[in-house]
Amino acid sequence: MFRARRLAILACPTLLLFAAACTPEGSLGDAKSSARPSASSSDGKGGGVQLAEAMNQLKVSRESRAGYERDRFRLWTDADHDHCDTRKEVLLAEAVKKPRQGKSCRLTGGEWRSYYDDRTVTDARKLDIDHVVPLAEAWDSGASKWSAERREQYANDLDAERSLVAVSLGPNRTKGDRDPAEWMPPAKDATCTYAADWVATKLRWNLTVDPSETKALRTIAAGCPDSTVHFTPAPR
């Protein structure tokens with residue numbers, strides 16, 4: 001099941017694939033954020049690609065937001081019909097202290113670590129589920145050509161551990177639809193992890209990057225020599 005697999009990665013010291021995220025080297029996070037793996041998902045080959053090298057796999061292209069509307073991406077579906085929609089699946093999976101789950105997946109209690117600002121949150125209402133690559137950015141860089149079904153798949157991508165993350169309201173609202181040339185998480189230890197997550201998501205969904213985004217990511221990658229990107233191409 002997705003939820004069990006997603007929860008399993010929180011114990012990253014036992015997972016060799018994501019071990020880099022659990023060390024103090026490479027600015028991937030300190031002990032307080034060590035539950036976060038270093039990239040969005042496994043490529044199934046056990047190795048991954050260095051962040052700077054992964055950048056070479058991205059296609060650079062100009063962006064266009066013509067025709068974008070947020071409701072072109074159907075949000076928070078319940079694909080497995082267990083009464084827990086996408087938002088609640090992510091909250092359950094990323095909780096460092098699991099909330100109580102009541103009727104119709106009503107969640108109470110729990111504790112989460114927002115890696116964007118390195119804060120502990122104990123009220124799920126104070127968390128957003130962030131699309132690491134925002135919906136508008138996805139539209140700009142390729143999703144405008146997708147079917148409605150594929151955009152729905154992107155908006156509810158529970159098969160990649162890092163496409164969707166539970167984070168504090170403040171930094172997520174500040175981020176909006178901006179890319180790494182315009183916004184990065186305020187927590188210093190989040191820089192390398194966020195860049196790896198961003199690149200992994202773009203590669204997973206075959207999305208392009210614009211010139212200013214590429215320049216910013218390359219600058220970040222130069223300071224993150226130990227960051228590794230793992231991704232699985234999104235199913236068709």
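Which residues of α3 are buried? I will start there. They are Thr86, Glu89, Val90, Leu91, Leu92, Ala93 and Glu94, where buried means under 20% relative accessible area, exposed over 50% and partly exposed in between, with a 1.4 Å probe and protein chains only.

A word on the source. This is a predicted model, in which local features need pLDDT of at least 70, side-chain atom pairs count only at pLDDT 80 or more, and totals for chains, interfaces and linings use all residues. Residues are numbered from 1 along each chain as its sequence is written, and side-chain values use heavy atoms, with hydrogens and water left out.

Next, the chain as a whole. There are eight helices and eight strands, taken as DSSP runs numbered from the N terminus (helices H or I, at least four residues; strands E, at least two). Of the 236 residues, 50% are buried.

Now the interior. A nonpolar core here is a set of buried Ala, Val, Leu, Ile, Met, Phe, Trp, Tyr and Cys residues joined through side-chain atoms within 4.5 Å. The largest one has 40 residues, and Tyr116, Tyr154, Val199 and Val229 have the most contacts inside it. Elements giving two or more residues to this core include α2 (51-54), β7 (164-168) and α8 (211-222). The most comes from α7, with eight residues.

Take Val199. Beyond its neighbours within four places in sequence, Val199 is in contact (heavy atoms within 4.5 Å) with Leu51, Ala54, Met55, Leu58, Leu217 and Val229. Another core, of 15 residues, lies apart from the largest one, and Leu91 of α3 is among its members.
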